[in-house]
Amino acid sequence: MDSRLRGNDKVGFGNVTDIPKKNVPPVETLLQSIHHGSPDRVNEAFAQWLAANNEAIATTTSLQDLESIRVANTGKSGAVTLLLKTLGGMSPEERQTKGPAIHALREAVMAALAERKAALEASALDARLATERLDMTLPVSAGRQGSIHPVSQVMDELAEIFADLGFAVATGPEIEDDWHNFTALNIPETHPARAMHDTFYFPDDKAADGKKMLLRTHTSPVQIRTMMNEPPPIRIIAPGRVYRSDSDATHTPMFHQIEGLVIDRDIHMGHLKWTLETFLKAFFERDDIVLRLRPSYFPFTEPSAEVDVGYTREKGRRVIGGSEGWMEVLGCGMVHPRVIANCGLDPNEWQGFAFGTGVDRLAMLKYGMDDLRAFFDGDLRWLKHYGFRALDVPTLSAGIGA
Ligand code: 2U9
């Protein structure tokens with residue numbers, strides 16, 4: 001039988017944890033010195049034990065071995081723990097004479113363990129640094145690159161085209177009041193168009209200054225705000241998100257619109273038609289674009305028209321250009337005199353045209369996508385397929401659909 005630390009039922013402390021392969025005296029020698037010995041004997045036994053234990057600690061070569069010693073020293077059944085437990089059974093006088101030795105032993109053990117741990121960790125780090133190398137010359141992928149969403153790409157294309165036609169970009173709040181979204185646009189409270197817009201209203205307690213608040217159903221309030229804040233002539237586009245409570249393969253509750261507005265003294269439908277034709281030719285990058293204006297009705301324009309663009313069939317697919325069939329792409333008209341007056345301008349002095357279209361729909365037509373919902377699913381495979389390279393900024397000279 002090995003004479004190193006063993007289970008020690010005799011002294012009633014349960015199993016004593018072993019110190020592996022080291023010649024440390026059994027803890028009983030310490031316990032006996034405490035129970036029966038003179039202070040000199042206690043000191044001698046402690047010093048002997050401590051020297052051997054320190055030696056065991058100082059000669060460990062792995063953190064794992066050191067951990068075994070730590071458990072054997074200060075673990076639940078470790079030597080130091082057992083010594084500390086004896087304090088509880090001592091008289092106050094005895095505790096005064098023997099306590100300091102026990103505490104000093106504990107301090108010494110803890111210090112030796114900590115010192116060796118630091119040394120072993122340092123040499124483990126040195127060993128790693130000596131063997132591991134970082135090769136800075138290895139070829140490494142730059143990581144996955146994002147792509148430009150088709151809606152963002154088309155917005156950029158539209159801004160580029162209209163900038164070339166002298167239009168500035170105007171923006172405004174997506175949370176609007178019903179005056180800017182409806183009333184100013186000649187859509188009074190009882191007008192059926194309010195119901196047709198499937199509006200998302202905010203609860204009445206969110207009303208600002210008694211105004212009914214909503215998510216804008218079109219970007220038209222941006223033009224209202226511009227007309228109220230800036231003197232004519234005005235030549236702007238208003239691109240942005242709009243909201244309607246509607247959802248199927250061709251409708252999402254949020255979608256993107258771009259509207260245009262020109263206000264000046266002599267602007268008429270001829271200017272409107274030229275602007276739309278020039279814009280559509282640049283956008284679809286074809287010269288054989290044919291437009292058809294059909295009379296229509298919008299509360300904010302008079303006269304109003306819907307604009308169809310001609311398409312041809314190529315290999316079973318509809319391609320914009322020619323006039324085999326017609327596809328509706330825009331709404332437009334001359335701004336209603338009442339709308340001009342609502343913005344504080346004299347309709348006898350100022351007039352102009354406006355138009356509006358869905359950016360998502362334009363993107364689908366140009367790039368051949370068929371389900372609007374995929375635009376907002378965030379599916380990375382779809383985005384990789386239909387997305388655009390980040391540095392291909394659309395320009396008229398390089399081709400708009402870069
Ligand atoms: C002001 C005055 C007039 C903007 C216009 C349309 C016609 C139109 C639709 C196209 C498809 C909306 O996205 S869509 O559902 N828009 O048909 N929009 S005229 O007229 C204005 C705007 C602002 C001050």
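Helices here are DSSP runs of H or I with at least four residues, numbered from the N terminus. The model described is a predicted one.

Helix 5 covers residues 92-131, and Ile102 is found in it. A residue counts as buried if 20 or more other C-beta atoms lie within 10 Å of its own. Ile102 has 21 other C-beta atoms within 10 Å, and is therefore buried. Apart from neighbours within four places in sequence, Ile102 is in contact with Leu83, Leu84 and Leu87. Thr81 lies 21 residues from Ile102 along the chain, and the C-alpha atoms of the two are separated by 9.9 Å.

**Helix 3 and helix 4**

Thr81 also takes part in the meeting of two helices: Ala72, Asn73 and Thr74 in helix 3 meet Ala79, Val80 and Thr81 in helix 4. By class, this contact has three nonpolar, three polar and no charged residues. Helix 3 spans residues 63-74 and helix 4 spans residues 79-86; their axes are 3 Å apart, at an angle of about 10°. Angles under 35 degrees count as roughly parallel, and helix 3 and helix 4 are therefore roughly parallel to each other.

**The shell around the ligand**

The ligand is surrounded by 20 residues, and the closest are Ser220, Gln223, Gly331, Ala354 and Gly356.

Strand 10 gives the most to the shell, with five residues. By class, the shell residues are nine nonpolar, 10 polar and one charged.

Terms used: Residues numbered from 1 in each chain as written. Predicted model: local features only at pLDDT ≥ 70, side-chain atom pairs only at ≥ 80, totals over all residues. Near = placed C-beta within 6 Å. Nonpolar A, V, L, I, M, F, W, Y, C, P; charged D, E, K, R; others polar. Axes fitted to C-alpha atoms, helices over the stretch in contact; angles between N-to-C directions. Parallel < 35°, antiparallel > 145°, perpendicular 65-115°, else oblique. Contact = placed C-beta atoms within 7 Å. Buried ≥ 20, exposed ≤ 12 C-beta atoms within 10 Å, placed from the backbone.
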